[in-house]
Amino acid sequence: MKKYNVVVVGGGSTWTPGLLKGMCTRKDTFPINRLVMYDIDAERQQTIGEFAKVLFNEEYPELDFSYTTDKDEAFTEDVDFVLCQMRTGGYAMREKDEKIPLSMGLIGQETCGPGGFAYGMRSIRDMVELVKDVRAKSQDAWILNYTNPAAIVAVALQEIFPEDNRILNICDQPENLLRSYGKLLGMNERDFDPVYFGLNHFGWFTHLYNQEGKDLLPELRENILNGGFRPADAEQRDQSWLDTYAMVEQMVRDFPDYLPNTYLQYYLYPDKVLNKLNPEFTRTNEVQAGREKRVFEDCARVAEMGTSKESNVVHNDAHGEFILIVAESIAHNKGDNFIVILKNNGLVSNLPDDAMVEVAASITVNGPRPYAVGEIPTFYKGMIEGQYAYEKLTVEAYLEKSYGKALQALTLNRTVVSAKQAREVLDALIEANKGYWPELR
Ligand SMILES: NC(=O)c1ccc[n+]([C@@H]2O[C@H](COP(=O)([O-])OP(=O)(O)OC[C@H]3O[C@@H](n4cnc5c(N)ncnc54)[C@H](O)[C@@H]3O)[C@@H](O)[C@H]2O)c1
Ligand SMILES: O=P(O)(O)OC[C@H]1O[C@H](O[C@H]2[C@H](O)[C@@H](O)[C@@H](O)O[C@@H]2CO)[C@H](O)[C@@H](O)[C@@H]1O
Ligand SMILES: [Mn+2]
């Protein structure tokens, strides 16, 4: 079986240990020849890189592994897959994305509302540079991207590299929802044949067929309405994620047609969610005190002890597993079905062709072959059109360095609405993002 050359961009990510562990688990089905981790933060990456050396020594000794901050070392002509999970500005900037809007009574969240806007304006620059760096050496390498906000990144990359059909933006949240549905129904997530439509972090399941073709969504809806909703991996989730999943019951009660992505809570109930968010201790602070601390402490301990056998660094591995099974489906032309982000082109027939929609697709050696969704009802169409206009204007604001378009984008966002508040939050975010954003005029 062919062995693949893989680069992980954002080697210092909190999700990297889970991804590396997933590579060990899948070495028979997705064998890797050379793995290079690349990051711009040498110190952060070193801790995880040294953990990786111990892990691979024990579980994947044949793997040629290294880590670097030198892009010429990382991106070479023989790379097959670039797995990307970078965070421009790190947690320091994520904290500002959350706290600045919250200080003004607006939703402060990583990928939604003004926080997502700010993060998008930062990510575009680095993601465009990444694609150029990879393509300078290889036209064939697959770029599988997790970098958030994936919705904005996908629109920007489609706009800037329209002919590049080896960039695939993905999100593990639909996969996590499938796992959670599976737990409720006593099924494996792979045994669902899902129908899903929307934008990234802004979509709905319309059907969940089992292997016999029966739609299990009605049963699941009753289950959620009667017993609430929890993530499949509830025992390892922070309270804020449990609260988020619990909101699905409310969404299903109000809008029973379909099963919503958890992120819709920020757009459908901004007032209610706002009341639960603590402007002094946001999700960033929770991650820093939890996942980030645990991962970096545990990786350092593994490197010191020289064994990974006692390590519990990998908690939830949906993130790491999902990107690998997508890569495997491409590598071996398996045609497995996953929910991914791609250009609409009529898939949802009453949405714009150029929208970057999230839908189910068969993933082949030539990339996704999506399944058509058809026409969607007015409520969902209206929601998505507003959000897509926001995404498009965000990318245009970046490319044209336009203050006016940035203001339009934020005004259209359902978590903002007031043009006065949009201007206030935009001005504060411009100040906070100096050096990261283009100068808006
Ligand atoms: N699409 C999804 O569903 C999904 C799921 C989980 C996480 N994510 C995303 O994955 C990324 C990582 O998340 P995290 O919480 O582990 O963040 P993190 O800050 O722990 O890790 C990100 C790493 O990227 C590095 N980095 C920043 N800019 C870079 C650049 N230009 N080139 C290379 N490396 C760079 C940082 O130094 C850091 O080590 C974020 O973008 C996050 O939003 C996406
Ligand atoms: O607040 P964070 O940093 O914990 O998470 C933000 C990300 O949330 C989603 O990712 C899930 C992921 O789907 C799942 O595998 C699991 O491990 O938990 C994550 C949340 O903790 C979302 O899809 C990402 O886009 C976010 O970046
Ligand atoms: Mn996501």
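Me: In which helix is the place of Arg253?
Reply: The model shown here is a predicted one, and it is read as such in what follows. Within this model, the residue Arg253 has its place in the stretch of residues 239–254, which is helix 9.

Me: How many Å apart in space are Arg253 and Arg221, C-alpha to C-alpha?
Reply: Along the sequence, Arg253 and Arg221 are separated by 32 residues. In space, taken from C-alpha to C-alpha, the separation of Arg253 and Arg221 is 9.0 Å.

Me: How many of the 11 residues of helix 6 are buried?
Reply: Helix 6 runs over residues 150–160 and is mostly covered. Its buried residues are Ala150, Ala151, Ile152, Val153, Ala154, Val155, Ala156 and Leu157. Of the 11 residues in helix 6, the number that are buried is 8.

Me: What arc do the buried residues of helix 15 cover around the axis?
Reply: In helix 15, which spans residues 403–412, the buried residues are Ala406, Ala409, Leu410 and Leu412. These residues lie on the same side of helix 15, because the arc that they cover around the axis is only 165°.

Me: Against which helices do the buried residues of helix 15 pack?
Reply: The partners of these buried residues include helix 5, made of residues 113–137, and helix 14, made of residues 378–400.

Me: How is helix 15 placed relative to helix 16, oblique or roughly antiparallel?
Reply: Helix 15 and helix 16 pack with their axes 9 Å apart, at an angle of about 125°. An angle has to be over 145 degrees to count as roughly antiparallel, and 65 to 115 counts as roughly perpendicular. The angle of about 125° therefore makes helix 15, relative to helix 16, oblique.

Me: How is helix 4 placed relative to helix 16, oblique or roughly antiparallel?
Reply: Helix 4, with residues 90–103, packs with helix 16, with residues 419–432, at an angle of about 150°, and their axes are 10 Å apart. Angles over 145 degrees count as roughly antiparallel. Helix 4 is therefore, relative to helix 16, roughly antiparallel.

Me: Which residues of helix 16 meet helix 4?
Reply: From helix 4, the residues taking part are Lys96, Ile100 and Pro101. On the side of helix 16, they meet Val425, Ala428, Leu429 and Ala432.

Note on methods. Residues are numbered from 1 along each chain as its sequence is written. Chains are lettered from A and ligands numbered from 1 in the order in which they are written. This is a predicted model: local features need pLDDT of at least 70, side-chain atom pairs count only at pLDDT 80 or more; totals for chains, interfaces and linings use all residues. Axes are lines fitted to C-alpha atoms, for helices over the stretch in contact, and angles run from 0 to 180 degrees between N-to-C directions. Helices (H or I, at least four residues) and strands (E, at least two) are DSSP runs, numbered from the N terminus. Angles under 35 degrees count as roughly parallel, over 145 as roughly antiparallel, 65 to 115 as roughly perpendicular and the rest as oblique. Two residues are in contact if their C-beta atoms, placed from the backbone, lie within 7 Å. A residue is buried if 20 or more other C-beta atoms lie within 10 Å of its own, exposed if 12 or fewer, and partly exposed in between; C-beta atoms are placed from the backbone. The arc is that of the directions from the helix axis to the C-beta atoms.
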